[in-house]
Each structure stands twice: as C-alpha cells, then as structure tokens.
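Welcome, and please open your viewer.

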Amino acid sequence: MAARSSTSSVVFIALSLLLLVTFSNVAEGYGNARLRPSDCKPRCNYRCSATSHKKPCMFFCQKCCAKCLCVPPGTYGNKQVCPCYNSWKTQQGGPKCP
C-alpha cells in the first residue's frame, strides 16, 4: 500500500512539473513573441534609442519585427529571446536585425 502511495505521489509531482513548464513557456511566448504589427514602432523606438544610427536601426528593426512579430528586450543583445529575429542574416552572413 505504501509503495502505491509513493508511486502516485511521484506521478503527481511529475505531472505538476510538466504543467508548470508548459504554462511558463506559453506565458513567455505571449510576452515576447506574437506582437501585433502596431506594437513594432514603439518597441523599435526603445530598441534603437541608444544607437547613433537611428534611421537604419529603425528601418531594419521594423522590418524584422514585421516578419518575426518579436523585438528583443533592451537596447542591445538579448536576441536569443526572438529566434526568428536572431537568425535572420544578411547576404554576407551578418545579423540583419539590430
């Protein structure tokens, strides 16, 4: 009887952890990916706020946002949050998205 109780406890904990991971991934997706196209300009304004090349930064950020519906947080880096944004490359192999 004790073995059955401990087995069901382990199964319950495993299922709880699985649900927790699943819902945390869903929440993360809604927070960072799946922007509406109208959200791109404000996000890109912030993303490009620290550069001295604002016009090209805004052009490419908005182009990338329109395609990927995602802009990484912050003014630099964090591209791993948006895989599409991170993997889009120029013909020379450099990053297309700022």
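## First stop: arginine 47

Select arginine 47, which is buried, with a relative accessible area of 3%. Here, buried means under 20% relative accessible area, exposed means over 50%, and partly exposed lies in between, using a 1.4 Å probe and protein chains only. Before going on, note that this is a predicted model, in which local features need pLDDT of at least 70, side-chain atom pairs count only at pLDDT 80 or more, and totals for chains, interfaces and linings use all residues. Residues are numbered from 1 along each chain as its sequence is written, and side-chain values use heavy atoms, with hydrogens and water left out.

Arginine 47 is found in helix H2. Helices (H or I, at least four residues) and strands (E, at least two) are DSSP runs, numbered from the N terminus.

What does the side chain of arginine 47 reach at 2.9 Å? Show the backbone oxygen of glycine 77 and you will find it there.

Now show the surroundings. Leaving out residues up to four places away in sequence, arginine 47 touches Cys61, Val71, Pro72, Pro73, Gly74, Thr75, Tyr76, Gly77, Lys79, Tyr85 and Pro98. Contact means heavy atoms within 4.5 Å. Pick valine 71 from that group: arginine 47 and valine 71 are 24 residues apart in sequence, yet 7.8 Å apart in space, C-alpha to C-alpha.

## Next: lysine 79

Move to lysine 79, in the loop between H3 and H4. Is lysine 79 buried or exposed? It is buried, with a relative accessible area of 17%. A polar atom of its side chain lies 2.6 Å from the backbone oxygen of cysteine 97. Among the residues that lysine 79 touches, not counting those up to four places away in sequence, are Arg47, Tyr85, Cys97 and Pro98.

## Along helix H3

Select residues 54–68, which form helix H3. H3 has 15 residues and reaches 20 Å from its first C-alpha to its last, close to the 21 Å expected at 1.5 Å a residue. That expected span is 1.5 Å times one less than the number of residues.

Colour Cys57, Met58, Cys61, Cys64, Cys65 and Cys68, which are buried in H3. Why do they sit on the same side of H3? They cover an arc of only 140° around the axis, which puts them there; the arc is that of the directions from the helix axis to the C-beta atoms. An α-helix has 3.6 residues a turn, so residues three or four places apart point the same way.

Turn to the other side of H3, where Lys55 and Ala66 are exposed. The buried residues of H3 pack against helix H2 (40–47) and helix H4 (83–87).

## Into the core

The largest nonpolar core has 15 residues, and those with the most contacts inside it are Cys44, Cys48, Cys61, Cys65, Val71 and Tyr85. Such a core is a set of buried Ala, Val, Leu, Ile, Met, Phe, Trp, Tyr and Cys residues joined through side-chain atoms within 4.5 Å. H2 and H3 are the elements that give two or more residues to this core, and the largest share, six residues, comes from H3.

Zoom in on cysteine 65: leaving out residues up to four places away in sequence, it touches Leu35, Cys40, Cys44, Cys70 and Val71.

## Last stops

H3 is followed by leucine 69, whose phi is positive, near 55°. Leucine 69 is partly exposed, with a relative accessible area of 21%. Go on to asparagine 78, which has a positive phi of about 60° although it is not a glycine.

Finish with the one salt bridge that the structure holds. Select arginine 36 and aspartate 39, whose side chains meet in it at 3.5 Å, N to O. A salt bridge is a side-chain nitrogen of Lys or Arg within 4 Å of a carboxyl oxygen of Asp or Glu. Arginine 36 counts as exposed at 54% relative accessibility, and aspartate 39 as partly exposed at 22%.

Note on methods. Polar contact = N/O pair within 3.5 Å; in protein donor to acceptor, adjacent residues only side chain to side chain.
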